Structures are given as C-alpha cells and as structure tokens.
Amino acid sequence: PNLINDWRAHWNQGDFPFLFVSLANYMQPVETPSESEWAELREAQTKTLSLPNTGMAVTIDIGEAGNIHPKNKQDVGKRLALNALKIAYNKEVVNSGPMFEAADFKDGKAFITFSETGSGLEVKDKYGYLKGFTIAGNDRKFYWAKAELLNSNTVVVYSEEVDSPAAVRYGWANNPEYVNLYNKEGLPAHPFRTDNWPGITN
C-alpha cells in the first residue's frame, strides 16, 4: 500500500489502476500443516486490495516446487488481463477467484462463505474432493481437514481431530500443492485464514 500510495502521489494522476501478482506456490510441500512466511506475505498482498482500483492475479495453482519463476506466464497474463478489463476499462467480467468472506463455527464444523464466486464455486478434482483446508481448535494445532461444497458460495470444513473448531486456513503454505477450489469461471480461490493469531513474521 505504501508503494501504491507513493506512486499515485508523485504521479498526480489520481487513483490510477494498479495490478499485481500474488506469490505462486514454491518450494517442497509439507507433510503436516505448519506456519509459512510465504502465506503471510500472500495475506499482506490480499489486504492491499482494500485500496481503490487495485487488482491481483492469484497464481497459487500454477507455480513449481523447484522454480521460483514458474514457466507458465500465459495464465498469469490472462488473469492480469481480466483485472485490467474490470478495473481499468470497467468491463463486466469476473476478474477474481473466490475470496473468504465469513466463518461460522457450529456443531463441530466450520461454515466458510465466499465472495467473488462468479457463477458459483467449483471443485477441480475428478473425484470431487476439496483439498487444501486445515482446521484447528483453541489449542492452535492445525490438522488437514475434510471439506465439501455446501452451496454456490459456502464450504463446510471439519476434522475428526478437532471437536470444537476455532480456525480454518486454506492454501496456507509455501507450496500448498493440492489447492483446488475455484469459481466456475476457472479462477482459483485466494489463500486465507480465519484467525488473527500472531504469525512467524510478526
């Protein structure tokens, strides 16, 4: 935000469009849920969307474990172009994947609602399994979670390991290799967390 506000102030052109790309998945996937500096940086990037006329291309699904500069530039360009059409040219296009909106914890499960769902949520998996979610109780110990689509904008998340859920995270890793929640327009969901527990970059 400081960079964007500074450039806008110096160039004196008003709140001109500012588009950027979030960090792609990178490094080896982890076996158990853990904290992640890259996930926290992605969160900071997502928070930047609170500034007017900003857009972000999410690339959490097209990175490479062994290449910090993944080869797939085409999809990055397409996703940035959608943001340009929407934000700079005011076209009626879906420019964002699903974004976390709210969490409701009840009956041992978490009900996660999303905005920016376009024509509705979609799971990209031939068996229909949602992946990439973790869940924790008040002890702040995260476990891999089961997750299912409830309707066009809600996912229900749960685990036999957590009786009273207090937090859910999605794509919270340097390389969350199996994230597969999209909207029907084919744009990936933004990684997120429902908690505000201190992170490792705090």
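The model is predicted, so I kept local features to pLDDT of at least 70 and side-chain atom pairs to pLDDT 80 or more, while totals for chains, interfaces and linings use all residues. Residues are numbered from 1 along each chain as its sequence is written, and side-chain values use heavy atoms, with hydrogens and water left out.

**Entry 1**

I looked up M27 in the loop between β1 and α2. M27 is not a glycine, yet its phi is positive, about 80°. For accessibility I used these cut-offs: buried is under 20% relative accessible area, exposed is over 50%, and partly exposed is in between (1.4 Å probe, protein chains only). M27 has 27% relative accessibility, so it counts as partly exposed.

D107 came next, in the loop between β3 (99-106) and β4. This non-glycine residue also has a positive phi, about 55°. D107 is exposed, with a relative accessible area of 73%.

**Entry 2: the sheet**

I asked which strands make up the open sheet and in what order. There are four, running β7-β6-β10-β12, with antiparallel pairing. Here two strands pair if DSSP finds at least two bridges between them. β7 and β12 (192-193) are the edges; each has a single partner strand, so one side of each lacks a neighbour in the sheet.

I then went through the pairs. β6 and β10 are antiparallel and joined by four bridges. β6 and β7 share three bridges, again antiparallel. β10 and β12 have two, also antiparallel.

R169 in turn has R193 as its bridge partner in β12.

The hairpin of β6 and β7 has five residues between the strands. R140 in that hairpin takes a positive phi near 65°.

Next I checked which way the β6 side chains point. In a regular strand the side chains alternate between the two faces of the sheet. F133 and I135 point one way from β6, T134 and A136 the other, and all are buried.

**Entry 3: the core**

I defined a nonpolar core as a set of buried Ala, Val, Leu, Ile, Met, Phe, Trp, Tyr and Cys residues joined through side-chain atoms within 4.5 Å. The largest one has 27 residues. F114, F133, V155, V157, V168 and L181 have the most contacts inside it. At least two residues each come from β1 (18-21), β4 (109-115), β5 (121-123), β6, β9 (154-158) and β10 (167-170). β4 gives the most, with three.

What does L181 touch? Contact means heavy atoms within 4.5 Å. Leaving out residues up to four places away in sequence, L181 touches F114, L121, E122, L130, F133, L149, V155, Y170, P188 and A189.

**Entry 4: a buried glutamate**

E43 sits in helix α2 (residues 37-47). Its relative accessibility is 18%, so E43 counts as buried. Beyond residues up to four places away in sequence, E43 touches W172 and R193.

**Entry 5: pocket and cavity**

I searched on a 1 Å grid over the protein atoms alone: a cavity is a set of points where a 1.4 Å probe fits but cannot get out, and a pocket is an open set with protein on both sides within 12 Å along at least five of seven lines; lining residues have an atom within 4 Å of a point. A volume is the space filled by probe spheres set on the points, which are joined across faces, edges and corners.

The largest pocket has a volume of about 370 Å³. Its lining has 22 residues, with G132, F133, T134, W144 and Y178 nearest the centre. β6 (133-136) and β7 (142-144) are the elements that give two or more residues to this lining.

I found one cavity of 30 Å³ or more in the whole structure. The largest cavity holds about 60 Å³ of space. Its lining residues are M56, A57, V58, R79, N83, N95, S96, G97, L187, P188 and H190. β2 (54-57) and α3 (74-88) are the elements giving two or more of them.
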